[in-house]
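Okay everyone, let me put the structure up on the screen. I'll talk through a couple of helix pairs and then the ligand.

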Amino acid sequence: MAGTVSRRKFFGTAAATVGVLGMTKSPELYAQALAGTQRFGGNDADYDRMIKLASNENNWGPPKAVMDAMNGAWKYANRYGYPDGNVVEAIAEHHGLKPENVLLTAGSGEVLQVVGTTFLSGGKKVIGADPSYGSVYQHATNIKADAIKLPLLKDYRQDIPGMIDATNKRAAEIGFFYLCNPNNPTGVVVTAKEVDQVVKGIPKDMPILIDEAYHHFVDDPAYGTATPYILEGRPVIVARTFSKIAALAAMRIGYALAPAEIVRKMRPYSMGSVNALAKWGAVASLKDTAGQAEVRKKVIDLRHKTTRELEAHGYPTIPSQTNFFMVSLEGRTVQPVIQQFREKGILVGRPFPPMINHLRVSIGTAEDMAKFVSTFKELFPKKATTNTAAQR
Ligand SMILES: Cc1ncc(COP(=O)(O)O)c(C=O)c1O
């Protein structure tokens, strides 16, 4: 069980995190640091003791089939050219597409950056919702481009009509349209109908980046993946990751799916540096449908259970379709609450302005979630029950 951990051992804010930038050459960590993601500055024993509900990871770790495949790939550690399990072909086949529709990347975070570098040259802007996955906007800022961000609606859905309207009015300024579906940090989906409105409602040649990092955890029938638009030749780029469903976050593997012409444009900006273990693990994960189904079921069941318990305690949650959710702190500000959880051995999500009265919590194991709920109840008094969870 997690013990109390000293607050000196953590880097919690963007400013503090700048200290780690000198220590890492990883663009992902750099992006995370700039985006203000919490980085662990303690030793590994402290880290191992913590309950990690901050970064939407998969707390069960890679399934056996994935571990076995990665272990079998160590024999290629000294090679440049080696059999890679035909990972690109396997991804293409999985989606009913061709290898030329796939760009393999070091995590889907690299896809987001490559799309930015490819389509924001000449001072173009990305348009998207706010808050959403901030590294897209951060990367735009890093390359001296800019973002047009439209606030979420009152019910935390993305303002699709507003985004379409703004794109049409400012088309000449915009390099690409970003849709995080389901959205991070809220967990809320954009329906298939709304995606269709975007695809058909903005200029025909405007690239649309649809970030489906949390695709595997959706059970809302109104949602649909955007991959069929690629077959139609629409300028849609879908970003997917093995970090969540296959628990390979630290292995760094993800991919973009897009029409071949768009993949050709993006490829020169990709590092092409995915390692052998990650490739073999990814291929095994695609085949391991039983393992994927088990993770999905555990996440969805625990999402329902945890949100129901918090609502019964009187704290509304935002209906999530991901492996995390947001809970309202009913007027309390999130920053000191994050610190209080940390002192109890639990890492929870960073603040997502302007939603500073909401806490983002990732779904961990049943034991992790039980500990989270009991700690929440220690920190927050019972209030009159809300009934939003009962409605789902
Ligand atoms: C919405 C979204 N997109 C992309 C990523 C990047 O993930 P990765 O680079 O591990 O594939 C994340 C990570 O949490 C995310 O939340």
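So, which residues in H6 meet H7? Have a look at Leu-112, Gln-113, Gly-116 and Thr-117. On the H7 side, their partners are Ser-135, Val-136 and His-139. If you sort that contact by class, you get 2 nonpolar residues, 5 polar ones and no charged ones. Keep in mind that this is a predicted model.

Now, how do we describe a pair like that? For two packed helices, we give the angle between the axes and the distance between them. Here, H6 covers residues 108-119 and H7 covers residues 135-142, and they pack at about 40 degrees with their axes 9 Å apart. Angles under 35 degrees would count as roughly parallel, so these two helices are oblique to each other. The crossing of H6 past H7 is right-handed.

Compare that with the next pair. Helix H8, residues 160-169, and helix H9, residues 192-201, cross at roughly 10 degrees, and their axes come within 10 Å. That's why we call H8 roughly parallel to H9. H8 brings Ile-160, Ile-164 and Asn-168 to the contact, while H9 brings Glu-194, Gln-197, Val-198 and Gly-201. By class, that's 3 nonpolar, 3 polar and 1 charged.

Last stop, the ligand. There are 14 residues around it, and Ser-108, Asp-211, Tyr-214, Thr-241 and Ser-243 come nearest. Asp-211 has a polar side-chain atom 2.7 Å from a ligand nitrogen. For Ser-243, a polar side-chain atom sits 2.6 Å from a ligand oxygen. And in the side chain of Arg-252, an N or O atom is 2.7 Å from an oxygen atom of the ligand.

Terms used
Residues are numbered from 1 along each chain as its sequence is written. This is a predicted model: local features need pLDDT of at least 70, side-chain atom pairs count only at pLDDT 80 or more; totals for chains, interfaces and linings use all residues. Side-chain values use heavy atoms; hydrogens and water are left out. Axes are lines fitted to C-alpha atoms, for helices over the stretch in contact, and angles run from 0 to 180 degrees between N-to-C directions. Helices (H or I, at least four residues) and strands (E, at least two) are DSSP runs, numbered from the N terminus. Angles under 35 degrees count as roughly parallel, over 145 as roughly antiparallel, 65 to 115 as roughly perpendicular and the rest as oblique. A crossing is left-handed if the near helix is turned anticlockwise from the far one by less than a right angle, and right-handed if clockwise. Contact means heavy atoms within 4.5 Å. Ala, Val, Leu, Ile, Met, Phe, Trp, Tyr, Cys and Pro count as nonpolar, Asp, Glu, Lys and Arg as charged, and the others, Gly among them, as polar. A residue is near a molecule or strand if one of its heavy atoms lies within 4 Å of it. A polar contact is a pair of N or O atoms within 3.5 Å; within protein, one must be able to donate a hydrogen and the other to accept it, and residues adjacent in sequence count only if both atoms are side-chain atoms.
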